[in-house]
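Please load the model in your viewer and keep the sequence panel open beside it. The stops below go from annotated spans to a sheet and then to the whole chain.

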Amino acid sequence: MKLKGKRKLWYSVLAGGIILLVLNALLLHLLHLKIHQRAQTVVERVALLPLELQTTQSITDIAHRYGLEYIPQGSPVPAGASEFTATGLSLTLFHQQPYQKHAYIITFFNILFIGLLVFFYRWWQVYQVRPKRFLSTNDNVEIPANSALSAVDPRVADQSLFSVFLLIRWSINLDETLDVKNHFSIAIHKKLPSSLSCSVKYLNSGALAVTLDRVAWGDVMEIGKKLHEIMFRVLRTLRADLSRKQVKIGGCFYQRDVLQTDVYQLARAALEIANNNVWQHVHMMPLEENHASMLQSSEEDFIRCISNGQFVLFFQPLFGFKQQDIIQNEVLLRVRHAQLGLIAAKQFIPQLHAKENLETLDKSIIQQTITILTKEPHKSNVSINIHIANWLDVEFVNWLVTQMRQAAKVNKLLFEIPAADYYKFNQQINAQQLFFTGVNAGIIIDHVTAPLMVNTIRENQLIEGVKLGFELVHQVQQNPQQQKIIKQIIYQAKRLNIEVYAVGVETQAELECLKSLGVHGAQGYYFAELLQQLELVKY
């Protein structure tokens with residue numbers, strides 16, 4: 001029996017070694033392909049540059065941003081260099097071997113591979129001995145805190161806004177002297193944006209009923225998760241032994257005037273579904289299934305509306321504290337849909353998956369913006385949000401620069417990039433600076449919620465400012481931690497010689513606090529409603 005056990009062990013070690021060799025070979029192959037793809041990208045970008053910009057220095061700079069070294073013609077070719085060709089242009093580029101350049105990645109994955117092999121071996125040993133007890137008992141499922149809810153002004157008439165009714169129930173006993181309604185009502189109102197109309201009621205059944213009015217479609221699902229996190233944290237202060245599975249939420253969202261009994265019954269059904277599910281703590285159900293299915297399956301409808309010009313642009317002004325005037329206008333899109341009404345871009349962009357549709361969307365916005373600015377040459381600088389998929393497309397950037405060169409009378413165009421996307425794709429974005437040579441353009445880093453990555457931002461000379469995310473701005477006067485982060489961002493921005501702006505300012509208290517912290521400007525519904533374009537829209 002001992003000899004048989006040793007044989008099994010050696011067979012397992014041999015099989016693990018073979019698997020490890022195969023995985024390492026596959027990893028090296030993938031890393032090698034990645035290096036070659038970068039080299040091919042370098043050649044493609046250089047080929048799109050005007051001939052006068054295709055200098056040794058510019059090519060070396062682009063290659064360096066992708067971790068490669070350019071070997072000029074006539075220079076000795078070192079071992080490891082390869083020639084790459086694209087659109088008639090050939091460049092000799094040197095790169096280190098994958099095991100040299102990515103040694104840390106290979107080491108990390110080998111440790112991970114070995115750990116997984118040991119884990120599966122031990123798992124198999126346990127499974128053979130105790131096959132009937134292979135059931136997970138881990139119920140500590142972490143739900144990360146959601147980002148701030150939509151800052152869309154509920155005063156703006158929009159047929160895409162919903163009413164949301166939620167039932168919240170917890171399976172623990174609370175102190176009988178606790179005023180449940182007032183206690184949780186205050187906690188919920190403090191955590192949710194002040195722009196949301198919220199009412200809280202404690203029912204005789206033991207559930208807490210929360211009603212929210214005029215919630216944007218993009219936030220309907222997130223509002224349930226947000227409330228679950230709020231209730232969990234509040235209840236956790238009362239009962240330290242609370243687990244997330246002991247707090248359940250069922251919700252119903254609807255638009256038209258309906259019977260409250262229908263809404264309550266649907267929310268109660270959703271709550272029962274959540275109660276019977278071990279892992280899902282929040283369940284949301286639409287009262288009208290057709291709206292959800294229509295929005296999910298209408299990608300081509302939205303693109304058709306945009307192609308036919310059935311959209312309107314709004315301009316949200318950004319006020320400079322020093323200038324005491326509008327210094328920028330952010331372009332916001334609204335599409336006129338036949339069934340769904342006026343839909344904001346953030347509500348249907350998650351439904352766009354085809355690359356050509358994202359390209360059509362951004363090109364339509366840019367062309368319409370340039371047309372408006374041509375007719376209004378004295379308008380302030382305008383900022384446009386471009387989808388990251390298009391920003392990384394060299395052909396799209398080349399088209400964009402061409403449009404800007406042709407629109408000679410247009411003031412500076414600023415392009416907003418979310419901080420998460422810029423940090424993730426900074427090499428590709430920074431490599432495109434040469435395309436904007438001689439063009440009046442700039443970049444704004446948007447949705448900044450943490451201290452800046454100074455070295456990464458310093459590499460891009462087009463960056464002119466950053467915009468603080470709604471999470472940092474909302475009720476900043478009441479949160480010292482938010483103020484500390486903003487102070488750090490402003491200090492970093494001064495070193496980079498860029499401006500810091502705030503978005504979603506709703507109250508005088510927020511404005512005064514931001515001014516005292518050193519923010520350069522702000523935008524939000526405290527200052528002004530969205531300004532509709534003056535040009536008539538054909539639809």
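**Annotated spans**

Begin by selecting residues 9-31 and 103-124, which an unreviewed UniProt entry lists under "transmembrane region". What you have open is a predicted model, and in it residues 9-31 are 100% helix and 0% strand, with the end C-alpha atoms of the span 32 Å apart. Moving to residues 103-124, you will again find 100% helix and 0% strand, here with 31 Å between the end C-alpha atoms.

Next, select residues 69-71, 81-86 and 89-94, which are strand 1 and strand 2 together with strand 3. These three strands form an open sheet in the order 1-3-2, with antiparallel pairing. Strand 1 and strand 2 are the edge strands, each of them pairing on one side only, and from one strand to the next the twist averages 40°.

**The whole chain**

Finally, select the entire protein, whose secondary structure comes to 19 helices and 18 strands. Of its 539 residues, 47% count as buried, while the protein exposes about 28400 Å², of which carbon and sulfur atoms supply 55%. If you display contacts between residues at least 6 apart in sequence, 70% of them join residues at least 24 apart.

How values were computed. Residues are numbered from 1 along each chain as its sequence is written. This is a predicted model: local features need pLDDT of at least 70, side-chain atom pairs count only at pLDDT 80 or more; totals for chains, interfaces and linings use all residues. Side-chain values use heavy atoms; hydrogens and water are left out. Two strands pair if DSSP finds at least two bridges between them. Helices (H or I, at least four residues) and strands (E, at least two) are DSSP runs, numbered from the N terminus. Axes are lines fitted to C-alpha atoms, for helices over the stretch in contact, and angles run from 0 to 180 degrees between N-to-C directions. UniProt positions are given in the numbering used here, feature names are shortened, and annotations may be inferred rather than shown by experiment. Buried means under 20% relative accessible area, exposed over 50%, partly exposed in between (1.4 Å probe, protein chains only). Contact means heavy atoms within 4.5 Å. Accessible areas come from the Shrake-Rupley method with a 1.4 Å probe; for residues, only the protein chains shown count as cover.
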